[in-house]
Amino acid sequence: MSDTILTDAAAATAFRRLVTHLQQRTDVENIDLMGLAGFCRNCLADWVAEADGGLTKDQARELIHGMPFAEWKSRYQGEATPQQIARMKESVAKNADSH
């Protein structure tokens, strides 16, 4: 699929829905997203900061998490297990240079 097929309006709408979905699914930890998809909320926020050029990583992370990252982390992020870390490393390795 070419980027030209997806309009900016459709991409923006889908992106906002993704952000809302990730904010609502606090039961899904970033480490698990990394292990399955090779990216997480923090990655998404970093991409937003890079694309915007005017946001810091912390500002972008607050937009994506719906609260300051430190607060989100203390509320919803547990200690990663060795299995989660191993799965994340394996998944991230598949990203090559695309991340």
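At 34% relative accessibility, W47 counts as partly exposed. In this predicted model, W47 pairs with a second aromatic residue, F39, in a stacked arrangement. The ring centres of F39 and W47 are 5.7 Å apart, and the angle between their planes is 25 degrees. The pair counts as stacked because planes under 30 degrees apart fall in that class. F39 has a relative accessibility of 24%, and this residue also counts as partly exposed. Three aromatic pairs are present in the structure.

Another of these pairs is formed by W72 and Y76. Here the distance from centre to centre is 5.8 Å, and the planes make an angle of 50 degrees, so the pair is classed as tilted. Both residues belong to helix α5, which spans residues 69-76. They are four residues apart in this helix, which means that about one helical turn separates them. W72 is buried, with a relative accessible area of 1%, whereas Y76 is partly exposed at 26%. Together with F69, these two residues make up one aromatic cluster. The ring of F69 also has a charged group over it: the charged end of R61 lies 5.7 Å from the ring centre.

The largest nonpolar core was found to contain 12 residues. Its members are V19, L22, L33, M34, C40, C43, L44, A45, V48, A49, A60 and I64. At least two residues of this core come from each of four helices, namely α1 (8-24), α2 (30-37), α3 (41-52) and α4 (57-65). The greatest contribution is that of α3, which supplies five residues.

Two of the core residues, C40 and C43, are cysteines. Both are buried: the relative accessible area is 6% for C40 and 10% for C43. The search of the whole structure returned zero disulfides.

Helix α2 was considered next. Its buried residues are N30, I31, L33, M34 and G35. Of these, L33 and M34 are also members of the largest nonpolar core. The cover over the buried residues of α2 includes α1, α3, α4, α5 and α6. Just after this helix, G38 adopts a positive phi of about 80 degrees.

Finally, the confidence of the prediction was examined. The average pLDDT of the protein is 92, and 93% of the residues score at least 70. Among the elements of the protein, α4 has the highest mean pLDDT, at 97. The lowest mean, 93, belongs to helix α6, which covers residues 82-93. Where pLDDT is low, predicted coordinates should not be read in detail.

Note on methods: Residues are numbered from 1 along each chain as its sequence is written. This is a predicted model: local features need pLDDT of at least 70, side-chain atom pairs count only at pLDDT 80 or more; totals for chains, interfaces and linings use all residues. Side-chain values use heavy atoms; hydrogens and water are left out. A nonpolar core is a set of buried Ala, Val, Leu, Ile, Met, Phe, Trp, Tyr and Cys residues joined through side-chain atoms within 4.5 Å. Buried means under 20% relative accessible area, exposed over 50%, partly exposed in between (1.4 Å probe, protein chains only). Rings of Phe, Tyr and Trp (its six-membered ring) pair if their centres lie within 6.5 Å; planes under 30 degrees apart count as stacked, over 60 as edge-to-face and the rest as tilted. A charge sits over a ring if NZ of Lys or CZ of Arg is within 6 Å of the ring centre and within 35 degrees of the ring normal. pLDDT is the predictor's confidence in each residue, from 0 to 100. A disulfide is a pair of cysteine sulfur atoms within 2.5 Å. Contact means heavy atoms within 4.5 Å.
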